[in-house]
Amino acid sequence: MALALYRKYRPATFAEVVGQEHVTDPLRTALAAGRVNHAYLFSGPRGCGKTSSARILARSLNCVNGPTPDPCGECNSCIGLAPNGAGSVDVVELDAASHGGVDDARELRDKAFYAPAESRYRVFIIDEAHMVTTQGFNALLKIVEEPPEHLIFIFATTEPDKVLPTIRSRTHHYPFRLIPPSAMRALLERNCAAEGVAVEPSVFPLVIRAGGGSARDTQSVMDQLLSGAGPEGVKYDRAIALLGVTDVALIDDVVDGLAEEDGAKVFGTIDRLVDAGHDPRRFAADLLDRLRDLVLLHAVPDAGERGLVNVPDDVLVKMLAQRDATRPATVTRWAEVLHQGLTDMRGSTAPRLLLELVSARMLLPSASDAESAVLQRVERLEKYGPPAGAQAGGPAAGGPVQAAGGAPAPAEGGRTFQRPSQRAAQSEPAPQNPPAQPPAAPSRAAAPAAAGPGQAGPGAQGHAGPGEAAVPNHAAGQPQPAAQAAPSRPEPPAPPVEQAPPASGGVDVAEVRRRWAELCGIVKGLAGPSASALLTSGATVAEVDGNSVTITHTSAPLARRLAEPRTVDAIASAFSQVFGGSWQVRCVHGAPNQAAPRPTPQREQRPAPTRPSQAARTQEPRQPPTRPAPVDDVPPPPEPPEPDEPLPPEPVDEEEMLAEAARPGDAGDQLDPEQVVLKLLADELGARPLKG
């Protein structure tokens, strides 16, 4: 019976251990210095060399030249503890999976007190130490803490966290790691050369990937391939069929189809994959590995030379071409989508359907509004340019057409973007030569007759385009039509539109209200949240006159706070940042959606408030107050008749009440609130206090 590769080529010294230099070098140094501990803990993944290193340590300790990092290999201990040796009576190996109870621990403790038969130390190697029960560890705790001088414990486990903390704290812990692909490939090539079997270079990455970094598992896979190899050796096709991995050609076809956005190529490859009997889940995992390599090649152009991408040379050349045909954000999104799809495939009854849906999502970035999908669309535009029909420059492409004055005119049936200032300037154009009186508009039938004899036809008329004023084109000395020469009856002026006149630079009340949220955000950063809250809780833009803006607030106290110099300066700075220029801000009290009145030199005095009963005794009716003349030419509506009842008293402001209460006064003027209440009850209702 042939010996397995992992047993046949098991290391005999620390120098032969592959990929664990971070453990073997300190142990060799400690053995050379003679600093030997009474307990060791070797932890790490399966098949990475824990048990083999424990045997090498026991061999180095019991060598006739020991403790030594390099056993002689000739003494009885070295021969017995060799990889294929018969063993030593002084070195005991226990499998804690079947000997982890408290009785086994007590039996081991009783044997530990006997001195070694022929060696220097008695070594107990406890494999799978995490399987020892808590009672078993407690039984071993005392002897592990204070063992005899001839006793050494070596615990090997894949789960060091399950080892009793009191045991773990009394050991030297050496964590083992998975073997890197470069060291694993060197080990496989050496073993295959020793076996005398030819192996294609493209087979080693498949075997290493199947082994998952474990030396024992990787050599077991290679041993299986060597067993089925023919006279020509181990071929790539045979390895793919035996290991069940995906053919590189299928992965290349899918990546090329994704890069070319060729859905027929991608879904055709998936169909061939399923027809060949491959597992869609395994194919998705292999494709994810390829995308990982492409991401590394985008981030590190020389990743192949650095060893970050471990693939054959011919595959690396193909991957470099795929890197040049793709973009980094696109490949990253493919990997994210495929990883999510691979997670969804777990336990799925239709893995092919999920694989096809994942491929459709990778081909269609516009179906998602994620940031990675947006980046993929941007990279598509950088690679292919805008789609047909989106190029600007002519009516056929849908672009804007240049008007006669050089400004872009909107295409027929389309719209062009204009700034609010441009829209305000075009809505009320000023004619170059305004007539004294507005001429009567000619009818549509009389329009051809208005053309002079010197004009070629309607095409020579001055045509008003979008945003241009229609000015009649009369020749010099040409008589005007009778309809225009005859003086017409002046028409009454049209009522003005109820909006404030536009300020200089095209800023009006509507523009300020449209950008009110932006202004409040800037004021919040300059004057704090309180100032921004004042603007958003009842403040309204009443008037914009040039670079002066008037803001009204429905609450008089809040209007006074809004008129503080610090808040006014912050609002003016916000207007300067948004609209430019230097602004003057005035904050007054007023009703919403109503222009604030101009400040008058003298404030009208209101009569003192009186009770309703006293109002009946008033003989002289109060005259309505005079209102200031309106700013515009439209006469104001008639004032409503003054009610007989006097106006209610103005509400007392909370701040005025607090200020009145805080104002110092004479001691005699300050009354007890309870006395004031009793006095009011006695005066108004005739009440008397109850005594007793």
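E261 is partly exposed, with a relative accessible area of 36%; here buried means under 20%, exposed over 50% and partly exposed in between, using a 1.4 Å probe and protein chains only. The model is predicted: local features need pLDDT of at least 70, side-chain atom pairs count only at pLDDT 80 or more, and totals for chains, interfaces and linings use all residues. Residues are numbered from 1 along each chain as its sequence is written, and side-chain values use heavy atoms, with hydrogens and water left out.

**Chain overview**

- The protein chain holds 29 helices and 10 strands. Helices (H or I, at least four residues) and strands (E, at least two) are DSSP runs, numbered from the N terminus.
- Of the 692 residues in the protein chain, 33% count as buried.
- Take the contacts in the protein chain between residues at least 6 apart in sequence: 69% of them join residues at least 24 apart. Contact means heavy atoms within 4.5 Å.

- Most residues other than glycine have a negative phi.
- E261 has a positive phi of about 55° and is not a glycine. E261 sits in the loop between helix 12 (248–260) and helix 13 (263–275).
- E128 also carries a positive phi, near 55°, and is likewise a residue other than glycine. The loop between strand 3 (122–127) and helix 6 contains E128. E128 is partly exposed, at 27% relative accessibility.

- Five strands form an open sheet in the order 2-3-4-1-5, with parallel pairing. Two strands pair if DSSP finds at least two bridges between them.
- Strand 2 (91–95) and strand 5 (172–175) are the edge strands, and each pairs on one side only.
- From one strand to the next, the twist averages 15°.
- Five bridges join strand 2 and strand 3 in the parallel sense. V91 stands opposite V123 in strand 3.
- Helix 5 packs on the sheet and touches strand 2, strand 3 and strand 4 (151–157). The direction of helix 5 makes about 165° with that of strand 3.
- Axes are lines fitted to C-alpha atoms, for helices over the stretch in contact; angles run from 0 to 180 degrees between N-to-C directions.
- Helix 6 lies across strand 1 (39–43), strand 3 and strand 4. Helix 6 runs at about 130° to strand 4.

**Cavities**

- The model has three cavities of 30 Å³ or more. On a 1 Å grid over the protein atoms alone, a cavity is a set of points where a 1.4 Å probe fits but cannot get out; lining residues have an atom within 4 Å of a point.
- The second largest cavity has about 90 Å³ of space. Grid points are joined across faces, edges and corners, and a volume is the space filled by probe spheres set on the points.
- The elements that give two or more residues to the lining of the second largest cavity are helix 5 (102–112) and helix 6 (134–145). Helix 5 gives the most, with three residues.
- The lining of the second largest cavity includes L94, H99, D104, A105, L108, I126, V132 and L140.
- By class, this lining has seven nonpolar, four polar and one charged residues. Ala, Val, Leu, Ile, Met, Phe, Trp, Tyr, Cys and Pro count as nonpolar, Asp, Glu, Lys and Arg as charged, and the others, Gly among them, as polar.

- An open sheet of three strands has the order 8-9-10, with mixed pairing.
- Strand 8 (539–545) and strand 10 (584–589) stand at the edges with a single partner strand each, so one side of each is left without a neighbour in the sheet.
- Neighbouring strands of this sheet are turned by 25° against each other on average, direction ignored.
- Strand 8 and strand 9 (residues 548–553) pair in the antiparallel sense over six bridges. The bridge partner of E543 is T550, in strand 9.

**Two buried helix residues**

- S359 belongs to helix 18 (residues 351–363). S359 counts as buried, at 4% relative accessibility.
- Leaving aside neighbours within four places in sequence, S359 is in contact with V266, F267 and I270.
- A30 belongs to helix 2 (residues 21–33). A30 is buried, with a relative accessible area of 19%.
- A30 and P67 are 37 residues apart in sequence. Their C-alpha to C-alpha separation in space is 9.2 Å.

Note on methods:
1 Å grid on protein atoms, 1.4 Å probe; cavity = no way out; pocket = protein on both sides within 12 Å on 5 of 7 lines; lining within 4 Å.
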